[in-house]
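Me: Please take a close look at one helix in this model. I would like its length, its surroundings and its charged links in one connected account.

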Amino acid sequence: MKLSEQWLREWVNPAATVTEIAMKLNLAGLEAEAEALSSDLPQGVVVAKIIAAVQHPQAERLRVCEVNVGSGQTLSIVCGAANARPGILVPAALPGACLPGGKDIGRANLRGVDSAGMLCSASELGLAEKSEGLLELDSDAKPGTPIEQHLGLNDQLLNLDLTPNRGDCLSIAGLARELAAIYDLQQTAPVMRPAVVSGYEQIDVVVEDAQACPHYTGRVITKINPKARTPDWMRERLRRSGIRTIHPVVDITNYVMLELGQPLHAFDRTSLRGAIRIRRAKAGEKLTLLNEQVAELSPQDLLIADNSGPLVLAGVMGGTTSGVTTATTSIFLESACFDPATIAGAGRRHKLLSDSRYRNERGVDPALQRKALDRATTLIGDLCGGDAGPITEVGRAPAYAATVQLRLSQVTRLLGHEIPAREIPKLLARLRIETQAESADTWRARVPSYRYDLRIEADLVEEIGRLYGYDRIPARAYAAQLPLNPVRETQRPANAIKDLLAARGFQEIVTYSFVDPRLQAQLDPESRGIMLDNPIAETMAVMRTSLWSGLVSTWQYNRQRQTARAKLFELGACFAPDGAGSRETIRIGGLVAGAALPEQWGEKSRPADFYDAKADVAAMLPASGAVFRFVAAAHPALHPGQSARILRGDTAIGWLGALHPRLTQTLDLGSAPILFELDWNALRDVRLPAPDAVPDLPHSRRDLALLVAEEISADMLLAAVREAAGPLLRSASVFDVYRGAGLAPGHKSIAMGLIFQDSSRTLSLDEIDAAVGEIAASISTKLGASVRSR
């Protein structure tokens, strides 16, 4: 939000430059920056009145204008603007003038007619990006007045970027009130005359939801001059705050919003049918808004309506059917306070941004409505004429927002500095916070109605610190206890796994827990995500059920920027519905895409595959504890032939696989990345290593070549062997797989090495042969495997 320095100084005028004011505001917690209105002001441009305008004898689109520039004699200036006509006042750049952009103006001869300068449009003066025709000035402007003086162009701006809790400073009055408190000055607000009630017409107002609209005021104003014009001073103040002029009545409502902080809305009186109703929308209702968007309303939306239906999305944006037009002669002027959460929700649901929403969702002073309505009524009377009717009011303006107990001990504790007790009521009084002493070091504070952010004792302590000055609080070293967190040997720290992955070439990413519902539905269609009521954006509308959404999005983003290879991982929370609540689980996920190794001379380039990622996952698995297995299984987001379930014992803890070809094509990823995701607790928890003596007895090895069906995996075979062998088998491993000549179709040969050993004695050949025979019989029965003789 930008506000004029000249306008602000009409309300409070500290002995400081605008840059110093901005610095003070920043120190007080309000982000502000001073900037010049224009770095290139026009020079040699004055107010001029067109006395006569005749057709150029040699050019159809040019006119020769005789203008009064206040010098006592008229000048002849050739002009091509369509609105050049006798009687209007416009800017005139005299010979020797310099316009923004470095354009010099001199005498010229245009198609045989001498021209002593140039008549200017708003864009030529740097006041607009584009404009049509001459900039018409007020009828009471004095010819010869420098244009920078008439329009007040020697001005600077304060550019404010306020936090959402300081909606009370979103106006000249609010910012002046804050500056008066910071500089300990009296606020010198302009005198605002009360509106003169000369009409009698009223409209009934019914508030059906008092919680969503605690205070509503309005009045009818008739006999408005439809040909009225917004004066230059108001146009300039609106322009400097980034608001374009539309219609005198609308401009006045915007002006009062900037001045006092109260959004207002003007209805064309003739378009209203029956009473005004502040109500919730009905299912199926629609409203065409001023931006021509058709809003499909829900019962959560608050409306301003009449007997004919919705008129305004309350506090956000008006509708097209009841707005003010150039033919409007009577209006119903509304000034209301709405519940901030209701307005914020409606704005997000319908994706609407407006100055009204910006203020209403941050909280408008519930005691401001009558004052703002009177101010707007007076300005309308001054600029547009009209008869104002009595105010219709529903609800009551509160005297204050809250009462809060404040203790000196808490001020000292929270600020770390002792402020004298006698100073505290004085500091709060500068903020218009009334205090009543309950004891020598305890007060009862009454918070003004416009301060939505002051509700607890700590809030008041913060205000005391701001006004006292954080720079006045000395820096001190504080004694603190730093207890060591216990480290469990049965739990691996997250940093250990992160370091391991980083050593294997991975980069850690941190992504939002809010993800795109469409992408999540593709990657995890079997899980139902938790939808957000008020998402930041449409692509961040659901809580993630898998880390893959962030990983795939990150790879997609980087691939579009010519990154050819990536190994990414993330450790974070995933969320799922759990009855009436939600369940949060910590997971670790990763993505491998592109070449298996960086470009080099030692190895030929090849794409990373399933087994590269499997090796990375296997490296993360704890060396002691339960047995981990990779079992072929189908996942809707993974390639049907390149996906595996990861098990710890018999418990599923994650997935590994290549992205499904359909999703790879849909997401335009080129080749399929390899994804993995595991339950963090399953990786974190390990068993304490147990010492064991080095065996001093010999072991025996038997090698078996087993003929099995192609669908029998080595993992299945090893599991069956271990189960059948009993305690004498120390280890079993696969050292060869053969497919080819000499084998039955659909079969393969798996060669296994079996190590037998007992810690207390040397095994006999009979014992070993019996164990091998038991293994052969068991796998034959369970898996249909047979021992190859050759």
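Reply: The model is predicted. Take helix 12, residues 457-468. Its twelve residues should span 16 Å at 1.5 Å a residue, and the end C-alpha atoms are 17 Å apart, which agrees. Just after helix 12, Gly469 takes a positive phi of about 105°.

Now the surroundings. Helix 12 is mostly covered, with ten of its twelve residues buried. Among them are the nonpolar Leu460, Val461, Ile464 and Leu467. Charged residues are buried too, including Glu457, Asp459, Glu463 and Arg466.

Next, the charges. Side chains of opposite charge can pair when their charged atoms come close. The structure holds 50 salt bridges. Elsewhere in the chain, Glu259 pairs with Arg375, with the closest N and O atoms 2.8 Å apart. Glu259 lies in helix 6 (residues 248-260) and Arg375 in helix 9, so this bridge ties together parts 116 residues apart in sequence. Glu259 counts as buried at 1% relative accessibility, and Arg375 counts as buried at 13%. Salt bridges that share partners also join Glu463 and Arg466 into one network with Arg166, Asp168, Glu178, Arg451 and Asp453.

One cavity of 30 Å³ or more is counted, and the largest cavity holds about 50 Å³ of space. Its lining includes Arg166, Asp168, Glu178 and Arg451. Arg177, Leu431 and Tyr450 also line this cavity. By class, the lining has five charged, two nonpolar and no polar residues.

Key. Residues numbered from 1 in each chain as written. Predicted model: local features only at pLDDT ≥ 70, side-chain atom pairs only at ≥ 80, totals over all residues. Heavy atoms only, no water. 1 Å grid on protein atoms, 1.4 Å probe; cavity = no way out; pocket = protein on both sides within 12 Å on 5 of 7 lines; lining within 4 Å. Points joined across faces, edges and corners; volume = space filled by probe spheres on them. Helix = DSSP H or I, 4+ residues; strand = E, 2+ residues; numbered from the N terminus. Expected span 1.5 Å × (residues − 1). Buried < 20%, exposed > 50% of the residue type's maximum accessible area, 1.4 Å probe, protein only. Salt bridge = Lys/Arg side-chain N within 4 Å of Asp/Glu carboxyl O.
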